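Please look through the sequence and the model below before reading on.

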Amino acid sequence: MTFAVLSMTMVQLGLVASIGLFDRLGAEGAAWLRLVWAGLIFLVVCRPRASSFDRASFLAAAGLGVVTAGVTLLFMAAAARLPLGTASALEFLGPLAVAVLRGRGQLVWPGLAFVGVLLLTQPWHGSISGVGVLFALGAACCWAAYIILTQHVGSKVSGLQGMAVSLPVAAVIATMVAGPSTVPHLTWQLVGIGFGLALLLPVIPFSLEYLALRRLPAGVFGTLMSLEPALALLIGWILLAQSPSVLQTVGIASVVTAGIGAERAAPATVSIYT
């Protein structure tokens, strides 16, 4: 349980630290710098072996890299336009959808999540960034695909070999999208900061999640991770002075509750995070 909580905390701290680079590199540039370092670290440390893959598993790992780049770039773009807790709750709709589809067909959890989204975005006011919401929902779709592909790759490839392919692929995709506009603004200081950010997210959190999943039942792990939007709200409030309204707080609580309910309704052998 400690590993899971530490993983969630480091993810949110990594996001906060990345937001600090927005003024210098932009949201996409900060995401690119993190992914490039993460790809290099996993490439050097894990050293993917051709013998670990057949054609189908390699293509699945490469596809995982594409959606990893998507979720990272899109979420950072959302975080540049929305409070961290709101962006995290909207992104969480991705794993929630996976859990609902794999569960017992209960409609109460999607309904509760829909109410939560309405309270978070409050479209009747028109004050929230519609573009930011679209980016967050795009990240949610990529996260759903990430979960499905992670399960497939994990069942076909041993150890961290899948990540040793997926993260370098994610780095290449991010370079194609954000590299040309970011590289001219790089300094050695920013390169060093990027290395630290990559350790905060995703290198250490992914490793902690791997350790947690070896010690916790999948359902317990998934339920714990359902609390991540609430943790994002807390850290955004403390470190970024992003104070949500009462309705937005209730909205995040609704999404978290829907995630826990959908996770518990899913088959016991399946987690929305594994």
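## Two positive phi angles in loops

In this predicted model, Arg47 sits in the loop that runs between helix α2 (22–46) and helix α3 (55–79). Although Arg47 is not a glycine, its phi is positive, at about 45°. The residue is also exposed, since its relative accessible area is 61% and the cut-off for that class is over 50%.

Ala241 is another residue that is not a glycine and yet has a positive phi, here about 55°. Its place is in the loop between α11 and α12 (246–265), and with a relative accessible area of 64% Ala241 counts as exposed.

## A nonpolar patch on the surface

Which residues form a nonpolar patch on the surface? They are Leu13, Leu234, Trp237, Ile238 and Leu239, and together they have about 500 Å² of accessible area. Helix α11 (residues 228–240) supplies the largest share of this patch, namely four residues.

Leu239 is one of the patch residues, and it belongs to helix α11. With a relative accessible area of 48%, Leu239 is classed as partly exposed, because that class lies between the limits of 20% and 50%.

Is Leu201 buried or exposed? Leu201 is buried, with a relative accessible area of 9%. Leaving aside residues up to four places away in sequence, Leu201 touches Val11, Gly14, Leu15 and Arg34. Leu201 and Leu35 are 166 residues apart along the chain, while their C-alpha atoms are separated by 8.9 Å.

## Cysteines without a disulfide

How many disulfides does a search of the whole structure find? The search finds zero. A disulfide is a covalent bond between the sulfur atoms of two cysteines.

For Cys141, the closest cysteine sulfur is the one in Cys142, at 7.0 Å, which is too far for a bond, because a disulfide is counted only where the two sulfur atoms lie within 2.5 Å. Seen from Cys142, the closest cysteine sulfur is in turn that of Cys141, again at 7.0 Å.

## Helix α5 and what covers it

Why can helix α5 (residues 93–102) be described as largely enclosed by the rest of the structure? Seven of its 10 residues are buried, and therefore the description applies. The buried residues of α5 are Leu93, Gly94, Pro95, Leu96, Val98, Ala99 and Val100. Their cover includes α4 (84–91), α6 (108–121), α7 (130–156) and α12.

Thr68 is in helix α3, and at 5% relative accessibility it counts as buried. Apart from residues up to four places away in sequence, Thr68 touches Leu35, Tyr146, Leu167 and Ala170.

Gln122 lies in the loop between α6 and α7, and at 9% relative accessibility it counts as buried. The side chain of Gln122 reaches the backbone oxygen of Leu119 at 3.2 Å, and, with residues up to four places away in sequence left out, Gln122 touches Val117, Ser245, Leu247 and Gln248. Ser254, in helix α12, counts as buried at 10% relative accessibility, and under the condition that residues up to four places away in sequence are not counted, Ser254 touches Leu112 and Gly116.

Technical notes. Residues numbered from 1 in each chain as written. Predicted model: local features only at pLDDT ≥ 70, side-chain atom pairs only at ≥ 80, totals over all residues. Heavy atoms only, no water. Patch = residues over 30% accessible without salt bridge, like charges linked within 9 Å, V, L, I, M, F, W, Y side chains within 5 Å. Areas by Shrake-Rupley, 256 points an atom, 1.4 Å probe, with all protein chains shown as cover. Salt bridge = Lys/Arg side-chain N within 4 Å of Asp/Glu carboxyl O. Buried < 20%, exposed > 50% of the residue type's maximum accessible area, 1.4 Å probe, protein only. Contact = heavy atoms within 4.5 Å. Polar contact = N/O pair within 3.5 Å; in protein donor to acceptor, adjacent residues only side chain to side chain.
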